[in-house]
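Let's take a walk through a protein structure together. Keep the picture open while you read, and turn it as we go.

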Amino acid sequence: MTATEMQPSGTAVRQPILQARNLVKTFGRVVGLDGVSLDLYPGEVLAVIGDNGAGKSTLIKCLTGAEVPDSGELKVSGQAVHFKRPQDARAHGIETVYQNLAVSPALDVASNLFLGREERLAGPLGKLFRVLDTKGMRRKAKEELTRLGISTLQDVTVPVENLSGGQRQAVAVARAAAFGSKVVVLDEPTAALGVRESNQVLQLVRDLRDRGLPVILISHNMPHVFDVADRIHVQRLGKCAATITPQSHSMTDAVAIMTGAATA
Amino acid sequence: MAQQQTAGPPATGHADLAGEFLDRQTPLSRIRNILHRYPALSPAIVLLVAVVVFGLLNDRFLRFENLSLITQQVSVVGTLAIAQTLIILTAGIDLSVGAVMILSSMVVAQLAVGSGIPGPLALLAGLVVGLGAGALNGFLVTRFKLPPFIVTLGTLNIFIAVTLLYSGGSTVRGSSMPGLLTWTGSTFPLGPVRISTGVIMMLLLYGAVAFILGKTAWGRHVYAVGDDKEAARLAGIPVNRVLMSVYLAAGAVLAMGAWLQIGRTNAASPNAGVDLNLDSITAVVIGGTSLFGGRGSVWGSLLGALIVGVFRNGLSLAGLDVLYQTLAVGVLIILAVSIDQWIRKVKS
């Protein structure tokens, strides 16, 4: 990462992978988003912080198709898109790890990794009888976990409900990383985790970035944000209060902007 | 049960899972983990114990004719239990299965006898009735977001009324029907024992549904939807489409049940099958499928239906009043659900 890449706003050469312009979303009389813009550049971790009710979740939901914004534009690699469902965002290579993880507790690790996009056997068994390629999916799940350096999950046939919080998070992140070709969005990935498990997840975030996948990270945890983020989007009262970097601002500054005690 | 358990296959190849629980691994929790992993295991043990006990109590119990009779007695409720399992796996419940089956059987019989329509076509009409009823239930559950319990409580009454209105309350005798309709009640010799065609059909249906649930993406989605609907939606599974297809599939299975019912009772009666709605739920619950959805197997429901059949048959052979059979079934249900709750604690 060079210094110019850290602050891409100065250079117009690089095209954002994900671009949001003036997103507005209201729920009845409550304004969730009041004209928010956001750029995500290749190979960066963009953190989104903000107090409760600042519009973090609404922003993320609009970016990932879980909510449809009332107005505003969304572009993926410069191409205008309109997401109506999470599947639409996924089709454009945007994978999301939701705070509640969206894993199916009774299904095993491999089934969860491939949930919603199962692979069938080649040949007549798969084509005619639509038989799943369970072995193949297990093998691929194992490969993906190894590739991501997730060593805590050796057995992909264990039901997810038997896993610890960190391991479940790893499953959800691995699923996003395995299928997210352009962007991975993580919503509060360390909220429910202990110190060691949080560090593992943060390392995963760095690994994803180093593989070229840009990451949007929503978090309440300032040390975690300042640890991994390249840029920080501060959301306040439905608007983007500032976009800062860990180099230009301290944690105290960030909290001050978040709460309205200071401006960037 | 505990003694039986140790004889079961140990969960080999899951060393790290064992490690996960190493710090609180007591014999009891080990049993619980195994039962949790193989949901059909506990009903299988209960069935085995019941067969052995009733066999010891009465010599006639283990005779081939008696065992064959039990399978015939459970063939209809066993088939309905397939439909019920599919719906309960999605965390739903269907109170109308028996009513749908009776409506379908009345349509088949009336068309074949009253209107003189050929047997295959009449059966096809019965299938349409089953699919239509499933579509109505599925539509109300997915579009109006009504709880399946309420939806099927409503349609239960509707289907019963429609059946009585349509049939005028009269029974159609099997002797007046085309042979195809009562063919499911026919038996053929297999070695020393006579097997009923209906039982074979039920078993084939179990095999087919077990295959689909276990080996196809659709089956996995059924489990995922029942396990955590929101997680399934976020994972990109079209939840409503899966639910709708489950109710349609259940409807098709119920139409099949209608054919078996006509053969088994050698008649189509609008007043039959009132108990079947709840009996099918009993079979599924005793079979270890969780009423909370996402957990269980269709084979468990077959075991559940057989357990009820074995208890009823065994108790009556032991000379006990029929009321004790009902009492025993009630105790079994509460026992089965208690075990299910206990097993579910494994997630901690």
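How much area is buried between chain A and chain B? In this predicted model, the area buried between the two chains is about 2500 Å², and carbon and sulfur atoms give 53% of that area. The contact takes 32 residues from chain A and 29 residues from chain B. Three residues, Leu132(A), Glu161(A) and Asn162(A), supply 21% of the area that chain A buries against chain B, more than any other three residues.

Side chains of opposite charge can pair when their charged atoms come close. Across the interface of chain A and chain B there is one salt bridge. In a salt bridge, the side chain of Glu161(A) meets that of Arg295(B), with 2.9 Å from N to O.

Now turn to chain A and find its open sheet of six strands, with mixed pairing and the order S6-S7-S8-S3-S9-S10. Strand S6 (94-97) and strand S10 (239-244) of chain A are the edge strands, each pairing on one side only. From one strand to the next, the twist averages 20 degrees. Within this sheet, strand S3 (residues 45-50) and strand S8 (residues 215-218) of chain A pair in the parallel sense over four bridges. Here Val45(A) stands opposite Val215(A) in S8(A). Helix H10 (residues 251-259) of chain A lies across S3, S9 and S10 of chain A, and runs at about 30 degrees to S9(A).

Next comes a hairpin. Strand S1 (residues 18-27) and strand S2 (residues 30-40) of chain A pair in the antiparallel sense over eight bridges. Two residues lie between the strands of this hairpin, where Gly28(A) takes a positive phi near 65 degrees.

Although Leu23(A) and Pro69(A) are 46 residues apart along the chain, their C-alpha atoms are separated by 6.3 Å.

Let's finish with more charged pairs. Over all chains, the structure holds 17 salt bridges. In one of them, Arg117(A) pairs with Glu95(A), the closest N and O atoms being 2.9 Å apart. Arg117(A) lies in the loop between helix H4 (109-113) and helix H5 (124-128) of chain A, while Glu95(A) lies in strand S6 of chain A, so the pair ties together parts that are 22 residues apart in sequence. Arg117(A) is partly exposed at 21% relative accessible area, whereas Glu95(A) is buried at 3%.

Another salt bridge joins Glu144(A) and Arg147(A), whose closest N and O atoms are 2.8 Å apart. These two residues are separated by about one helical turn because they are three residues apart in helix H6 of chain A. Lastly, look for Lys25(A), Glu67(A) and Asp70(A), which are linked in a network of salt bridges.

How values were computed
Residues are numbered from 1 along each chain as its sequence is written. Chains are lettered from A and ligands numbered from 1 in the order in which they are written. This is a predicted model: local features need pLDDT of at least 70, side-chain atom pairs count only at pLDDT 80 or more; totals for chains, interfaces and linings use all residues. Side-chain values use heavy atoms; hydrogens and water are left out. Two strands pair if DSSP finds at least two bridges between them. Axes are lines fitted to C-alpha atoms, for helices over the stretch in contact, and angles run from 0 to 180 degrees between N-to-C directions. Contact means heavy atoms within 4.5 Å. Buried area is the accessible area (1.4 Å probe) that two parts lose on being put together, summed over both. A salt bridge is a side-chain nitrogen of Lys or Arg within 4 Å of a carboxyl oxygen of Asp or Glu. Buried means under 20% relative accessible area, exposed over 50%, partly exposed in between (1.4 Å probe, protein chains only).
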